Amino acid sequence: MAGRRWVPGAPVAAVRCLLLVSLLVSLLVSLLVSLVACGGGPVVDGARAEVQALLDRRADAVLGEDAAAYARTGTRAGYDSLREVPLADWSYRVNAVHRTGDTATVDADLGYRVAGYDRAPVTTARTLRLSRDEKGRWTVVSDRPAGKSGRQLWDQGAVRAVHGERSLVLGVGQTDVKLRDYAALADRAVPAVSDAWGPDWARRVVVLVPGSLEGMAGLLGSPASSYRGIAAVTTGETGAGARAPADRVIVNPDAFGLLGDSGRQVVVTHETTHVATRAHTTAATPLWLSEGFADWVGYRGGDRVPAEAAPELAREVRHGEVPSGLPGDDDFGFTADADGLARAYESGWMACRLVAEHWGEERLGAFYRAVGAHGQRDGAVEDAMQRILGTTPEEFTMRWQGYLREQFG
């Protein structure tokens, strides 16, 4: 071929050259791996396996309530805080080990289940510090939430547990008397929610009561300012189906303590409604419906008239400022002004109250389920209103505005 010259023996020389290069590359890779292992990068699988075995023993000690075995794995910190939590499972999965000499930082996922409540593990990211002794054995120095992950209740102190008939209340910095009060509220809320929504839910609830607003915010991984004035929130996985951890009702004891007896019951029943409706609450469900329905269940059966339960909205309507439409999701942001946030909740409640009065309570529940089943936000409310209520969003809004004038005018 033009431009090329064949030289006898050239292929053999080329093969030898390639073998030499391959050997040098292999040696360099081995050297780099050794340097990374000693210099703070991810450690080879041998050390990772040792750390996983250590954390497996630590988890077994938690489940076996074996304080001595737990102490042999490292620091006892946190063990006593967990003793009253009824655990069905507790396990670690090591994701990475970053070693510097005889110390290491471990990235791991902690999975745990509360006995009788969680059908699947709650998973949370943890960062553990480890040290190695002169015999080469690793021990745990500390175990903390990773990065922006929320703190667990036992990270905040010793957990006290109170078992209600239909509830489990876990608290930090609270007396048993107060925790029993929360359990009583939850035990009354569960049948009230079932009566309004139906029996197709777990019909039990987990309530977490930290010591302060800051403790609540720590559980949620958010600044305290986001929840000031909010008495409680419910956390859970939307659209997760039956195999999901139980929702947690998380109380802000500072705001909750300012409520009267009826207000406290409304709040707990409202949050329990979120637990019941979680499987049917999806990205298609607007907040005016999910929050309005929870308020409707909370006030259902009570003796508070709309003007008493919705004072901000009543004041606005009496001044001739009837809302032009149902509130958007942004109106429910915890950082919104207090009056605007109150009007958003009150508007959603009055919309659900209208459906229950005009179309019936069963239709209200069917409407909620139909919206959530749509799968996406676009068209969800329109389709459900047409199929379940026989109306359109425009007609419904006009009827709702007239209902506000009738109730508050």
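**Close-up views of a predicted model**

**View 1. The protein chain as a whole, as context for the close-ups.** The chain contains 15 helices and 9 strands, and 46% of its 409 residues are buried. Among contacts between residues at least 6 apart in sequence, 62% join residues that are at least 24 apart. The accessible surface amounts to about 20,500 Å², with carbon and sulfur atoms contributing 52% of that area.

**View 2. The largest nonpolar core and the surroundings of Trp296.** The largest nonpolar core comprises 112 residues, and those with the most contacts inside it are Trp90, Leu130, Trp296 and Phe367. In soluble globular proteins, nonpolar side chains tend to be buried together. When neighbours within four places in sequence are set aside, Trp296 is in contact with Ala196, Trp349, Cys352, Arg353, Ala356, Glu361 and Leu364; of these, Trp349, Cys352, Arg353 and Ala356 fall within the range 338–358 that forms helix α12.

**View 3. Helix α12 and the glycine that comes after its end.** Helix α12 is built from 21 residues, 338–358, and spans 30 Å from its first C-alpha to its last, close to the 30 Å expected at 1.5 Å a residue. Because 15 of these 21 residues are buried, α12 is largely enclosed by the rest of the structure. Just after the helix, Gly360 adopts a positive phi of about 105°.

**View 4. The largest pocket and the elements that line it.** The largest pocket has a volume of about 1,300 Å³. Its lining is made up of 47 residues, of which Ile230, Ala231, His270, Leu341 and Tyr345 are the closest to the pocket centre. The elements that each give two or more residues to this lining are strand β8 (232–235) and helices α8 (261–277), α9 (287–299), α10 (306–309), α11 (311–318) and α12. The greatest contribution to the lining comes from α8, with 7 residues.

Notes. Residues numbered from 1 in each chain as written. Predicted model: local features only at pLDDT ≥ 70, side-chain atom pairs only at ≥ 80, totals over all residues. Heavy atoms only, no water. Core = buried A, V, L, I, M, F, W, Y, C linked by side-chain atoms within 4.5 Å. Buried < 20%, exposed > 50% of the residue type's maximum accessible area, 1.4 Å probe, protein only. Contact = heavy atoms within 4.5 Å. Helix = DSSP H or I, 4+ residues; strand = E, 2+ residues; numbered from the N terminus. Expected span 1.5 Å × (residues − 1). Areas by Shrake-Rupley, 256 points an atom, 1.4 Å probe, with all protein chains shown as cover. 1 Å grid on protein atoms, 1.4 Å probe; cavity = no way out; pocket = protein on both sides within 12 Å on 5 of 7 lines; lining within 4 Å. Points joined across faces, edges and corners; volume = space filled by probe spheres on them.
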